[in-house]
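Subject: Structure handover

Hi,

Here is the structure for your set. My notes follow it.

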Amino acid sequence: QTVMLALKGVPAFYFHSLTATPNDHDGVEATGRARSINRRKWNIEDLENELHGSGDTARVFSELRRRIKIRTRHTAFHPDAHQRVVELDNGLFGFARVSADSSEIIACVSNVSNTPKTLELNNHFPELDIPEPLTDLLSGARTLGADKTIPLAPYQTVWLTQG
């Protein structure tokens, strides 16, 4: 979902992605159709309890809302802002988003593997080859120094920008 949120265009969410709904094995058994695995019908009271609880549904929904808010605060994430896909090492997927006036650049990089990876940022995102620190909008972590090497845990995503 985080990769999709950063891509050019208007993001759309499947409802069950927002709520971290587990597979509905009872639904499959009841209908005899495999498609029922992800067609759970929520009772509004159950959903409200889950969203305000401390389980996966509340945690995932809250985190997705936080990431959507980050997206809306940055002009580089405007649906029509420029996007440049970057060829990275095996297991990494990345692209740059650039605001219409080029005042904001965000490097979006995801480790799509189950092993730690290292990104040599300056080799792939020359527009962020600056002496100032970069900030990961998702974690708040700052990267210092002109030679920026970013460690990425398995399945980690970073949205890096100036400041």
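The hairpin of strand 1 and strand 2 has five residues between the strands, and glycine 91 there takes a positive phi near 95 degrees. Strands here, like helices, are DSSP runs numbered from the N terminus (E, at least two residues, for strands; H or I, at least four residues, for helices). This is a predicted model: local features need pLDDT of at least 70, side-chain atom pairs count only at pLDDT 80 or more, and totals for chains, interfaces and linings use all residues. Residues are numbered from 1 along each chain as its sequence is written, and side-chain values use heavy atoms, with hydrogens and water left out.

Strand 1 and strand 2 are antiparallel and share five bridges. Two strands count as paired if DSSP finds at least two bridges between them. Valine 86 stands opposite glycine 94 of strand 2.

Strand 2 covers residues 92-98, strand 3 covers residues 105-111, and seven bridges join them in the antiparallel sense. Leucine 92 has asparagine 111 of strand 3 as its bridge partner. Six residues lie between the two strands. Serine 102 sits in that loop. Its phi is near 65 degrees, a positive value in a residue other than glycine.

How enclosed is strand 2 by the rest of the structure? Largely, because six of its seven residues are buried. Buried means under 20% relative accessible area, exposed means over 50%, and partly exposed is in between (1.4 Å probe, protein chains only).

Six strands form it, in the order 1-2-3-8-5-6, with antiparallel pairing. Strand 1 (82-86) and strand 6 (142-143) are the edge strands, each pairing on one side only. In a regular strand, side chains alternate between the two faces of the sheet.

One more backbone point, at tyrosine 155. This residue is not a glycine, yet has a positive phi of about 65 degrees. Tyrosine 155 lies in the loop between strand 7 (149-152) and strand 8 (157-162). Tyrosine 155 is exposed, with a relative accessible area of 57%.

Now the charges. Which residues gather in a patch of positive charge on the surface? They are Arg33, Arg35, Arg39 and Lys41. Arginine 33 belongs to the loop between helix 3 (25-31) and helix 4 (44-51). A patch of negative charge on the surface is made by Glu45, Asp46, Glu48 and Glu50. Glutamate 50 is in helix 4 and is partly exposed, with a relative accessible area of 35%.

The patch terms are these. Patch residues have over 30% relative accessible area and no salt bridge; like charges are joined within 9 Å, nonpolar side chains (Val, Leu, Ile, Met, Phe, Trp, Tyr) within 5 Å. A salt bridge is a side-chain nitrogen of Lys or Arg within 4 Å of a carboxyl oxygen of Asp or Glu.

Overall layout, for your records. The protein has six helices and eight strands. From the N terminus the elements run α-α-α-α-α-β-β-β-β-α-β-β-β-β. The C-alpha trace spans about 60 × 30 × 30 Å along its principal axes. Of the 163 residues, 40% count as buried.

Best wishes

Notes. Accessible areas come from the Shrake-Rupley method with a 1.4 Å probe; for residues, only the protein chains shown count as cover. Lys and Arg count as positive and Asp and Glu as negative; His and the chain ends are not counted. The place of a charge is taken as NZ of Lys, CZ of Arg, CG of Asp or CD of Glu.
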